[in-house]
Amino acid sequence: RVLISMMQTDAAEVMLDTLPRTAEWYYLKGVICTRRGFYTNARRYFETACRLDPGNAEYQSALAGFARSASDYKSFS
């Protein structure tokens, strides 16, 4: 989280890839993908994080952001 907050996504990803794949891992990979503009991958990571830890409000909020964005996009089409 510290590396991501410092916009050091490459270093954060290298570190993440050495850790076990938990809900937090999927959430943080989603954050990294979002920062890089890989929105389809980010959404998948957030969905997995939510599936693994459905009670986590932070993960739910990240995924909900994609639902809002998709809805906003459809409004302008």
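Rings of Phe, Tyr and Trp (its six-membered ring) count as an aromatic pair if their centres lie within 6.5 Å. A search of the whole structure finds 5 such pairs. The model is predicted, so local features need pLDDT of at least 70 and side-chain atom pairs count only at pLDDT 80 or more, while totals for chains, interfaces and linings use all residues. Residues are numbered from 1 along each chain as its sequence is written, and side-chain values use heavy atoms, with hydrogens and water left out.

**Trp 25 and Tyr 45**
- Trp 25 and Tyr 45 are edge-to-face (planes over 60 degrees apart), with 6.0 Å centre to centre and 75 degrees between the planes.
- Trp 25 lies in helix H3 (residues 23–36) and Tyr 45 in helix H4 (residues 39–52), so this pair ties together parts 20 residues apart in sequence; helices are DSSP runs of H or I, at least four residues, numbered from the N terminus.

**Tyr 26 and Tyr 45**
- The ring centres of Tyr 26 and Tyr 45 are 6.1 Å apart with planes at 40 degrees, so the pair is tilted, the class left when planes under 30 degrees apart count as stacked and over 60 as edge-to-face.
- This pair also joins helix H3, which holds Tyr 26, to helix H4, which holds Tyr 45, across 19 residues in sequence.

**Cluster and accessibility**
- Ring pairs link Trp 25, Tyr 26 and Tyr 45 into a cluster.
- Trp 25 is buried at 4% relative accessibility, and Tyr 26 is buried at 18% (buried means under 20% relative accessible area, with a 1.4 Å probe and protein chains only).
- Tyr 45 is partly exposed at 21%, a term for values between buried and exposed, the latter being over 50%.

Notes. Helix = DSSP H or I, 4+ residues; strand = E, 2+ residues; numbered from the N terminus.
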